[in-house]
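Dear colleague,

Please find below the structure that I am handing over to you, followed by a summary of what was found in it.

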Amino acid sequence: MENFKSKCLSEIKNDFERGVFLAVYNSRKQRYHRSAAGVALALKHAMRGILFSWPLYLLALAAFAVPGSFMLVFILLLSPAVYVSWVILSRGVKEDYEKLVDGYVLRSGYLGRMMFHGKT
């Protein structure tokens, strides 16, 4: 387990400790931290996706330079590739969120450690 994460809820066996954990975990501050972490992970994966798939998006933009009816065909041919890119992006965000955020109490400085030192 990485040093920036707290004990996971599933690892807590003591009822008292579980109650304290849930009180902190369900607090407004922790809900905000989890939301911010989700947005940060989405941005991180979006930037990685753009860096990896930039030719695909460049081709999609090039469709607007194609005259008339060919533009629609061009976009229809690129749609499956953009969809696959979106599926990979959303799956990566979901997996990282479950691995790094869900079920943990997030401590201060979690965003920097999650973005730059995590195993994502």
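Lys-99 counts as partly exposed, since its relative accessibility is 38%. Please note that the model is a predicted one. Lys-99 takes part in a salt bridge with Asp-96, in which the closest N and O atoms are 4.0 Å apart. A search of the whole structure finds one salt bridge. The two partners sit in helix α3: Lys-99 and Asp-96 are three residues apart there, and therefore about one helical turn separates them. Asp-96, at 7% relative accessibility, counts as buried, because the cut-off for that class is under 20%.

Helix α2 spans residues 28-62 and helix α3 spans residues 70-100; the two pack at an angle of about 155 degrees, with their axes 9 Å apart. Angles over 145 degrees count as roughly antiparallel, so α2 is roughly antiparallel to α3. The crossing in which α2 passes α3 is right-handed.

The residues that make this contact are as follows:

- From α2: Arg-34, Gly-38, Leu-41, Ala-42, His-45, Ala-46, Ser-53, Leu-56, Tyr-57, Leu-59, Ala-60 and Ala-62.
- From α3: Phe-74, Leu-78, Ala-81, Val-82, Ser-85, Leu-89, Gly-92, Val-93, Asp-96 and Tyr-97.

Sorted by class, the contact of α2 with α3 comprises 15 nonpolar, five polar and two charged residues. Arg-34 of α2 and Asp-96 of α3 are among the residues in this contact.

Residues up to four places away in sequence being left out, Leu-89 touches Ala-42, His-45 and Ala-46. In sequence, 23 residues separate Leu-89 from Gly-112, and in space the two lie 20 Å apart, C-alpha to C-alpha.

One further residue of helix α2 deserves a remark, namely His-33. Is His-33 buried or exposed? With a relative accessible area of 13%, His-33 is buried, because this value falls under the 20% cut-off. Apart from its neighbours within four places in sequence, His-33 is in contact with Leu-106 and Tyr-110.

Yours sincerely

Notes:
Residues numbered from 1 in each chain as written. Predicted model: local features only at pLDDT ≥ 70, side-chain atom pairs only at ≥ 80, totals over all residues. Heavy atoms only, no water. Axes fitted to C-alpha atoms, helices over the stretch in contact; angles between N-to-C directions. Helix = DSSP H or I, 4+ residues; strand = E, 2+ residues; numbered from the N terminus. Parallel < 35°, antiparallel > 145°, perpendicular 65-115°, else oblique. Left-handed = near helix turned anticlockwise from the far one by under 90°. Contact = heavy atoms within 4.5 Å. Nonpolar A, V, L, I, M, F, W, Y, C, P; charged D, E, K, R; others polar. Salt bridge = Lys/Arg side-chain N within 4 Å of Asp/Glu carboxyl O. Buried < 20%, exposed > 50% of the residue type's maximum accessible area, 1.4 Å probe, protein only.
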